[in-house]
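Here is a short briefing on one protein chain. Look over the sequence and the fold before you read on.

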Amino acid sequence: MKPFDYMRAEDLQSARRAAHQGGTVIAGGTNLIDLMKLEVVTPSALVDISRLDLSEVRDHDGGLHIGAMVTNSDLAADPRVRRNYPVLSRALLAGASGQLRNKATTGGNLLQRTRCPYFYDTDTPCNKRRPGSGCSAIGGELRNHAILGTSDDCVALHPSDMAVALRVLDAQVEIESLDGSRHLQPLDDFYRLPGKTPHIETSLAPGDIITGVVLPAPTGGLQSYRKIRDRASYAFALVSIAGVVTARDGRIEDIALAFGGIGARPWRDTRIEDMLRGQTVDDQLIQQAGDLLLSDARLLEGLEFKTGLVRRLLSSTLTEAVQ
Ligand SMILES: Cc1cc2nc3c(=O)[nH]c(=O)nc-3n(C[C@H](O)[C@H](O)[C@H](O)COP(=O)(O)OP(=O)(O)OC[C@H]3O[C@@H](n4cnc5c(N)ncnc54)[C@H](O)[C@@H]3O)c2cc1C
Ligand code: SF4
């Protein structure tokens with residue numbers, strides 16, 4: 001690991017300033033430290049935000065404000081989350097391990113980096129790690145990679161389970177800029193697709209700090225999170241689905257769906273929600289929804305298996321919702 005300076009921020013203003021001057025924010029450190037050990041990232045200075053007053057979940061406009069330093073364990077266990085946003089609680093508990101969830105934070109989880117193995121191997125070309133160097137995954141071993149939203153420069157997957165649940169819940173990210181102003185950004189617009197600049201992953205400007213996440217008032221409906229992975233626990237999603245569905249007499253009244261394990265960002269496609277809304281669920285409808293979702297999929301060799309998994313998860317989510 002390369003030497004670096006360390007600063008424990010006592011207030012947001014000093015954290016913002018240090019981040020703007022090139023410091024790298026560290027929260028739980030569960031992803032960042034691994035990247036530093038491998039010298040995938042080599043910050044000259046770390047800005048530790050763990051002492052800042054960002055560890056509270058509080059009521060907010062009928063919904064919730066989740067501080068950026070709330071740990072994944074505390075968020076999953078919060079009674080309001082368990083009662084009103086069970087999809088979020090389930091997604092969090094489906095991620096990592098108990099020990100990691102005790103350290104991993106809301107802000108850090110949103111900004112964790114891809115698990116593309118070539119990104120972590122500094123001996124191989126990777127446009128995300130070193131812009132313009134090429135992509136070793138294309139033409140290489142593909143399994144934990146995306147089939148939607150990719151580009152010729154990068155087929156990396158967004159790894160977060162939590163972000164998939166937040167996307168289906170229409171969450172907004174609260175961001176504080178260098179001048180101290182705060183704004184809310186819908187998660188839908190927060191993540192950038194790779195295009196020709198896969199190293200730019202979000203809309204954050206230099207020095208921006210995530211201070212929290214805002215959830216709108218709960219909408220009701222049946223909420224579920226299903227995740228398929230190589231091991232029963234302690235593994236990232238091959239494919240996952242978050243659903244919030246209201247149904248009556250076999251007919252879908254309202255629906256929101258988001259997918260993990262398939263997209264360059266947590267994936268939501270409102271076209272399939274529009275198609276499903278008002279419809280009675282049967283095999284043909286499930287098939288059509290899967291066809292529409294996968295119509296833009298780019299199935300590089302090694303990733304074809306994901307389509308069957310997506311269809312099966314979609315089928316079980318819709319079938320359960322109307323039972
Ligand atoms: C073995 C293992 C298995 C895992 N399995 C899963 C899994 O199944 N599902 C899953 O979703 N995740 C999984 N994870 C990932 C884990 O959830 C993330 O490492 C964790 O959520 C990152 O949070 P952190 O607070 O530790 O972030 P850090 O490592 O501290 O930071 C991550 C990034 O976010 C930036 N950052 C952090 N907070 C802020 C902020 N407030 N403002 C601006 N920038 C910020 C940092 O600069 C850094 O770039 C796994 C991790 C490991 C090591
Ligand atoms: S898929 Fe993206 S992260 Fe992986 S090697 Fe290619 S450019 Fe790098």
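Of the chain's 323 residues, 51% count as buried. Keep in mind that this is a predicted model. The points below go from the whole chain to a single residue.

**Overall fold**
- The chain has 13 helices and eleven strands.
- Its radius of gyration is 20 Å, close to the 20 Å that the globule rule gives for 323 residues, so the chain is as compact as a globular protein of that length.
- The C-alpha trace spans about 60 × 50 × 35 Å along its principal axes.
- Take the contacts with a separation of 6 or more: 63% of them are between residues 24 or more positions apart.

**Surface and charge**
- The accessible surface of the chain is about 14,500 Å².
- Carbon and sulfur atoms account for 47% of that surface.
- The chain carries 37 positive and 40 negative charges.

**A look at Phe-259**
- Phe-259 sits in strand 11, which runs over residues 251-260.
- Is Phe-259 buried or exposed? Its relative accessibility is 1%. Buried means under 20%, so Phe-259 counts as buried.
- Leaving out residues up to four places away in sequence, Phe-259 touches several residues, including Val-164, Ser-240, Ile-241 and Pro-266.
- Trp-267, Ile-272, Leu-293, Val-310 and Leu-314 are also among the residues that Phe-259 touches.
- Phe-259 and Arg-226 are 33 residues apart in sequence. In space, they are 9.5 Å apart, C-alpha to C-alpha.

Conventions:
Residues numbered from 1 in each chain as written. Chains lettered and ligands numbered in written order. Predicted model: local features only at pLDDT ≥ 70, side-chain atom pairs only at ≥ 80, totals over all residues. Heavy atoms only, no water. Helix = DSSP H or I, 4+ residues; strand = E, 2+ residues; numbered from the N terminus. Rg over C-alpha atoms; globule rule 2.2 N^0.38 Å. Buried < 20%, exposed > 50% of the residue type's maximum accessible area, 1.4 Å probe, protein only. Contact = heavy atoms within 4.5 Å. Areas by Shrake-Rupley, 256 points an atom, 1.4 Å probe, with all protein chains shown as cover. Lys, Arg positive; Asp, Glu negative; His and termini not counted. Charge placed at Lys NZ, Arg CZ, Asp CG, Glu CD.
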